[in-house]
Amino acid sequence: GSLIPPAIPLTSEHVHDDGIYLLENGEDCLIYIGNSVDPNVTRQLFGISSDDEIPTQFVLQQYDNPLSKKLNDVVNEIRRQRCSYLRLKLCKKGDSSGMLFFSYMVEDKTPSGLSYVEFLVHVHRQIQNKMH
């Protein structure tokens, strides 16, 4: 089975404050952290306990927990499929990174076949590729 689970639609109504979402366009990988995500989850994934600590320049590290391993596996798998280095950027509501993230909420209106990943405790995915 694929490491990368099915995705949710590119609409902001699917983005919840207690969720963490990953969106990639082949160059950038945006990880949006909702402002009421459980601090234990952000600590396990990113080594930060609140969204105040979110760095702009972000390097994904693997921590010794299943959640972190899962996230790293997903990002590495995306990189493998894309054959490119994805720049990672953490995004949060209320600043420019959040605006950037929400600017991608286009719901299938793009011919380029963006893929979109949500992960919370499970990771879901679907690649929408219109070019058959």
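Start by selecting Asp-17, which counts as partly exposed because its relative accessibility is 30%. Keep in mind as you click around that this is a predicted model.

**Stop 1: across from Asp-17**

**Stop 2**

Next, select Arg-87. Is Arg-87 buried or partly exposed? Arg-87 is partly exposed, at 45% relative accessible area.

Show Asp-28 beside it. The side chains of Asp-28 and Arg-87 form a salt bridge of 2.8 Å, N to O. Because Asp-28 lies in strand β2 and Arg-87 in strand β3, the pair ties together parts 59 residues apart in sequence.

Which residue forms a salt bridge with Glu-27? It is Arg-87 again, and the closest N and O atoms are 3.6 Å apart. This pair also links distant parts of the chain: Glu-27 is in the loop between β1 and β2 (28–33), 60 residues from Arg-87 in strand β3.

With these three residues on screen, you have one network, in which Glu-27, Asp-28 and Arg-87 are joined by salt bridges that share partners. The count for the model comes to five salt bridges.

**Stop 3: helix α2**

Move on to residues 66–82, which make up helix α2. This helix has 17 residues and reaches 24 Å from its first C-alpha to its last, close to the 24 Å expected at 1.5 Å a residue.

Zoom in on the N-terminal end, where Asn-65 caps α2. A side-chain oxygen of Asn-65 lies 3.1 Å from the backbone nitrogen of Leu-67. Then look along the helix for its buried residues, among them Leu-67, Leu-71, Val-74, Val-75 and Ile-78.

**Stop 4: colour by confidence**

Finally, colour the chain by pLDDT. The average is 75, and 75% of the residues score at least 70. Which element has the highest mean pLDDT? Select residues 39–46: helix α1 has the highest mean, 92, whereas strand β5 (residues 123–127) has the lowest, 32.

To end, select residues 108–132, where pLDDT stays under 50. For this stretch the model has 78 contacts beyond four places in sequence.

Conventions:
Residues are numbered from 1 along each chain as its sequence is written. This is a predicted model: local features need pLDDT of at least 70, side-chain atom pairs count only at pLDDT 80 or more; totals for chains, interfaces and linings use all residues. Side-chain values use heavy atoms; hydrogens and water are left out. pLDDT is the predictor's confidence in each residue, from 0 to 100. Helices (H or I, at least four residues) and strands (E, at least two) are DSSP runs, numbered from the N terminus. Contact means heavy atoms within 4.5 Å. A salt bridge is a side-chain nitrogen of Lys or Arg within 4 Å of a carboxyl oxygen of Asp or Glu. Buried means under 20% relative accessible area, exposed over 50%, partly exposed in between (1.4 Å probe, protein chains only). The expected span of a helix is 1.5 Å times one less than its number of residues. A polar contact is a pair of N or O atoms within 3.5 Å; within protein, one must be able to donate a hydrogen and the other to accept it, and residues adjacent in sequence count only if both atoms are side-chain atoms.
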